[in-house]
Amino acid sequence: MRIEAITLRHIKMPYVSPFQTSRWTELDRECVIVCVKAGGITAWGECGANQNCAYSYETTKTNWHVLEDFIIPAVLTADLADVPAYRAVVADINGHPMAKAGLEMALWDLFARQAGVSLQKLIRGSGDRVKVGVSVGIQPTTEKLLAVVDGYLAQGYRRIKLKIKPGRDVGDVAAIRQAHPDLLLQVDGNSVYRLEDADHLKALDEFDLLLIEQPLGSDDIIDHAKLQPQLRTAVCLDESILSATHARWALELGACRVINIKPGRVSGISEASAIHDYCRARGVPVWMGGMLETGIGRAANVAVASLPGFTLPGDISASARYYHEDIIETPFVLNPDSTLSVPTGPGLGVDVRMDALERVTLRQATFRR
Ligand code: OSB
Ligand code: MG
């Protein structure tokens, strides 16, 4: 298929509340939205990166730069039969998985719409709902955290992830566990700890956590392999896993017992499903992570989370947990069983609200063949 035009938009959408992790705070989602036009079809994608250079080296502006200067010129001079053809075209662009994933998502949407099927169907997911939880940022006090968690539980969320950092880890977890003895609970360190903190992290073992996510350095599979045997709690890698090869390295080394899959982080839905397949064949549980996506990225994450190996609840909450106004027509809402429904319409199965999108667009540019 010949792509006729690709429009990039740098958007900025304020969150309903600030999101604080161990190493950075986000007030709004700034990201690149990709719109592809081909054969009378309009398709959408979202890049994972935000304005910070903390979770990853990629930012909204590097996504734009790599798309404009490398990925789009290659795509507009090619004739893409399918998503693997796109992956071949971008294979020699080093790194920048979030930039690659944004356009790949739009192509999945395009090819699914062209075939008249949902993304879920195209990737062979199943079921009408996926289990979800909520990722709770670090709060000013433990009391405030207890109140925020109570609020999410009242809304029906049945799995809570707490962001932790030194000084706000064991105490916060103990307080939440005491208030909610049976809650599905997990924590995320976002790379703030070091192997020397192993004894400190062992204190988390008594709280029956589902997992501890990315405690050590982003690129540090080796020290995670030294940490995991010292903990009863399962280590889950997020930042460290950018490909199925990284997943193999991590599992061969014993660096983790669970993997967080974010299509955006791993260069797209194709690589996400390859990691899923690799883990599933080895009985390693995976779950869907999130980048506080708009409704566009959320639709893709929900569809991918319907693959059978996604056995743990995902970080994919209702639109209202993130935004007062989403840029899709029908926002995602939480079902009473702590699930989100998988869209069934063609492609991503969501309609973009152009008026809402215009309001949040800071900059846009269209590139043509
Ligand atoms: O580490 O999982 C993370 C958001 C931005 C960057 C990194 C992370 C997160 C989250 C939010 O935890 C998950 C969500 O989208 O709800
Ligand atoms: Mg994480």
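## Polar contacts to ligand 1

In this predicted model, a polar side-chain atom of Lys262 lies 3.0 Å from an oxygen atom of ligand 1, a polar contact being a pair of N or O atoms within 3.5 Å. Lys163 likewise places a polar side-chain atom 3.0 Å from an oxygen atom of ligand 1, and for Asp238 the separation between a side-chain N or O atom and a ligand oxygen atom is 3.2 Å. Taken alone, ligand 1 exposes 390 Å², of which the protein buries 100%, with accessible areas taken from the Shrake-Rupley method with a 1.4 Å probe.

## The shell around the ligand

Ligand 1 is surrounded by 17 residues (each with a heavy atom within 4 Å of it), the closest being Ser135, Asp188, Asn190, Leu292 and Tyr322. By class, this shell holds eight charged residues (Asp, Glu, Lys and Arg), six nonpolar and three polar ones, where Gly counts among the polar and Tyr among the nonpolar.

## Position between the domains

An automatic or database assignment divides the protein into domain 1 (5–116 + 350–368) and domain 2 (121–341). Because both domain 1 and domain 2 give residues to the shell around ligand 1, the ligand lies between them.

The centres of the two domains, taken over C-alpha atoms, are 23 Å apart, and 40 residues of domain 1 are in contact (heavy atoms within 4.5 Å) with 46 residues of domain 2.

## Basis of the values

Residues are numbered from 1 along each chain as its sequence is written, while chains are lettered from A and ligands numbered from 1 in the order in which they are written. Local features need pLDDT of at least 70 and side-chain atom pairs count only at pLDDT 80 or more, whereas totals for chains, interfaces and linings use all residues, and side-chain values use heavy atoms, with hydrogens and water left out.

Terms used
A polar contact is a pair of N or O atoms within 3.5 Å; within protein, one must be able to donate a hydrogen and the other to accept it, and residues adjacent in sequence count only if both atoms are side-chain atoms.
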